[in-house]
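Please look over the sequence and the structure shown here before reading on.

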Amino acid sequence: VQLAESGGGMRQAGDSLKLSCVASGDIISLNALAWFRQAPGKQRELVAGITNSGIINYGDSVKGRFIISRNNAGNMVYLQMNSLKPEDTAIYYCAATYYGISGVPADYDYWGQGTQVTVSS
């Protein structure tokens, strides 16, 4: 399984940005796709996750601002980021697991290379 993120960039506070992640390879058994982020000097944290059945979890810091979605084929996951804040600045990673959504990075089986999101004030 390979994951590839796209859509990162630089924005100002209050702007919006949409990230995309494409999953390829033997993805039929995958369940949850998720977005994590990691800022310099901080631990990697769950931003949002979505399962094949449509269960969604968001990290507390993005609830009400970010929206995760997945295409019907199950090989694409998106993160619509609205009302961006400087504290959203991080590398955003796409992750996949055969199990349910978890906030523990070690529970994920596959990771993308990450895409940088920078939000200026």
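M81 is buried, with a relative accessible area of 0%; buried stands for under 20% relative accessible area, exposed for over 50% and partly exposed for values in between, with a 1.4 Å probe and protein chains only. The model is predicted, so local features need pLDDT of at least 70 and side-chain atom pairs count only at pLDDT 80 or more, while totals for chains, interfaces and linings use all residues. Residues are numbered from 1 along each chain as its sequence is written, and side-chain values use heavy atoms, with hydrogens and water left out.

M81 belongs to strand β8 (residues 76-81). Strands (E, at least two residues) and helices (H or I, at least four) are DSSP runs numbered from the N terminus. Neighbours within four places in sequence aside, M81 is in contact with D15, S16, L17, L19, R65, F66, Y92 and V117, where contact means heavy atoms within 4.5 Å. From M81 to L19 the C-alpha distance is 7.9 Å, although 62 residues separate the two in sequence.

The whole structure holds one disulfide, a term for a pair of cysteine sulfur atoms within 2.5 Å. C21 and C94 form this link, with sulfur atoms 2.1 Å apart. The bond joins distant parts of the chain, 73 residues apart. The angle about the S-S bond is -80 degrees, and the link is left-handed. Both cysteines are set out below.

The chain as a whole has zero helices and 11 strands. Its radius of gyration is 13 Å, close to the 14 Å of the globule rule for 121 residues, so the chain is as compact as a globular protein of that length. That radius is taken over C-alpha atoms, and the rule is 2.2 Å times the number of residues to the power 0.38. Along the principal axes, the C-alpha atoms fill a box of roughly 40 × 30 × 25 Å.

Of the 121 residues, 40% count as buried. Among contacts with a separation of 6 or more, 57% come from residues 24 or more positions apart. The accessible surface is about 6,100 Å², and carbon and sulfur atoms hold 48% of this surface; the area comes from the Shrake-Rupley method with a 1.4 Å probe.
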